[in-house]
Amino acid sequence: MKQIILSLLLFLALPAFLAAQPGAIGNTKTDKKLTAKLEKALEGFRGDVGVYVRNLKTNRVAAVHADSIFPTASMIKVPILCGLFNKIHQGEIRFDQELTYRDSLKYDNGIVGSFRDSTKIALPKIVHLMISISDNTGSLWLQAMAGGGAAINEWLSNSGFAITRVNSRTPGRKEGQAKYGWGQTSPREMAELVAMIRAGKAIDPIVSARMYRYLGMQFWDGEALSQIPPYISTAAKNGAVNQSRSEVVVVHAPHGEYVFCITTKNQKDESWQRQNEGYALIRKVSAIIWEHFEPKNKWTPAAGSDKYWF
């Protein structure tokens, strides 16, 4: 009898417990109109795709395959950012410290990988290169400084994220790396991770604010961001590998902020041109979401602006 009563009490307490978790967002309602628009937009895509959208003002959600697992590609740099700042917050790393680059750190020929051995550079600049330019050598350097994938994954788990994980250079994650690459996530989790940062609930408000400023400085703005007026503030991170394209964005829209994440995998189109089907779908979805929330705003990308795609 005692066991039954205890089980009942635990069951009744579960909703309150879940609501108190760092990743909790409270009650949401389905935005049926936006969901229908997204489902139609995804029809015929040659690959797998997932989308998650939440209006941060109304808490209305549109989701299509939002809890399926997808490769993060460079979106994994958002969890790396959190893991690094968690170490800074704990006093294990100094934010303003000067680092020394070594040739042994080189992963590719990006900006950091092009440094000469013994180059001195401040930590905040490496963070900036990781988020804005998506520098891979710098990102792996910071991943190691954050305690490696295992430490970052522990922070993710403790923060309520069950799917999002660092796979590369992480003990016990070989299977995940073989299937998803550097990292894995779901559209819902990646969007809610960035929304947590926006809300000041990742690590602490001061740290969240610093991380969010980094996410607001994007060099790669040719896809989702290209469909949002340039005078609207955004925070974002994208990612791409041969068979996958992805992007997560918070949009400070006039009638209420919203967050969305779109991810693809198993794409038939592996090209690296603007017309890539994954890139085109991201632009299409971003435009649909913007027009849904801001129907009276008549801004559209200027004719010929695609010639500045990079």
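Buried means under 20% relative accessible area. By that cut-off Tyr101 is buried, and so is Phe115. The model discussed here is predicted. It holds 10 aromatic pairs, and the count of salt bridges comes to eight.

**Aromatic pairs**

- A pair of aromatic rings is described by the distance of the centres and the angle of the planes.
- Among the 10 aromatic pairs is that of Phe85 and Phe95, with ring centres 5.8 Å apart and planes at 40°, so this pair is tilted.
- Phe85 belongs to helix 3 (residues 77-89), whereas Phe95 lies in the loop between helix 3 and strand 5 (98-100), so the pair ties together parts that are 10 residues apart in sequence.
- Phe85 has a relative accessible area of 4% and is therefore buried.
- Phe95, at 29% relative accessibility, counts as partly exposed.
- For Tyr101 and Phe115 the ring centres are 5.7 Å apart and the planes stand at 90°, so this pair is edge-to-face.
- Tyr101 and Phe115 both lie in the loop between strand 5 and strand 6 (120-122), and their pair ties together parts that are 14 residues apart in sequence.
- Phe85 and Phe95 also belong to a cluster, in which ring pairs link them with Tyr214.

**Salt bridges**

- One of the eight salt bridges joins Glu92 to Lys87, with the closest N and O atoms 3.2 Å apart.
- Asp96 and Arg94 meet through their side chains in another salt bridge, at 2.9 Å from N to O.
- Asp96 has a relative accessible area of 56% and is therefore exposed.
- A salt bridge also forms between the side chains of Arg283 and Glu223, with an N to O distance of 2.8 Å.
- That bridge links distant parts of the chain, 60 residues apart: Arg283 is in helix 10 (residues 277-293), and Glu223 is in the loop between helix 9 (205-215) and strand 9 (234-241).
- Both partners, Arg283 and Glu223, are buried.

- An open sheet is formed by three strands in the order 4-8-7, with antiparallel pairing.
- Strand 4 (70-71) and strand 7 (165-166) stand at the edges with a single partner strand each, so one side of each has no neighbour in the sheet.
- Strand 4 and strand 8 (residues 183-185) run antiparallel and are joined by two bridges.
- Thr185 in strand 8 has Phe70 opposite.

**Charges over rings**

- Arg245 places its charged end over the ring of Tyr279, at 4.7 Å from the ring centre.
- Arg198 lies over the face of Tyr212, and here the distance from the ring centre is 5.7 Å.

Methods:
Residues are numbered from 1 along each chain as its sequence is written. This is a predicted model: local features need pLDDT of at least 70, side-chain atom pairs count only at pLDDT 80 or more; totals for chains, interfaces and linings use all residues. Side-chain values use heavy atoms; hydrogens and water are left out. A salt bridge is a side-chain nitrogen of Lys or Arg within 4 Å of a carboxyl oxygen of Asp or Glu. Buried means under 20% relative accessible area, exposed over 50%, partly exposed in between (1.4 Å probe, protein chains only). Helices (H or I, at least four residues) and strands (E, at least two) are DSSP runs, numbered from the N terminus. Two strands pair if DSSP finds at least two bridges between them. Rings of Phe, Tyr and Trp (its six-membered ring) pair if their centres lie within 6.5 Å; planes under 30 degrees apart count as stacked, over 60 as edge-to-face and the rest as tilted. A charge sits over a ring if NZ of Lys or CZ of Arg is within 6 Å of the ring centre and within 35 degrees of the ring normal.
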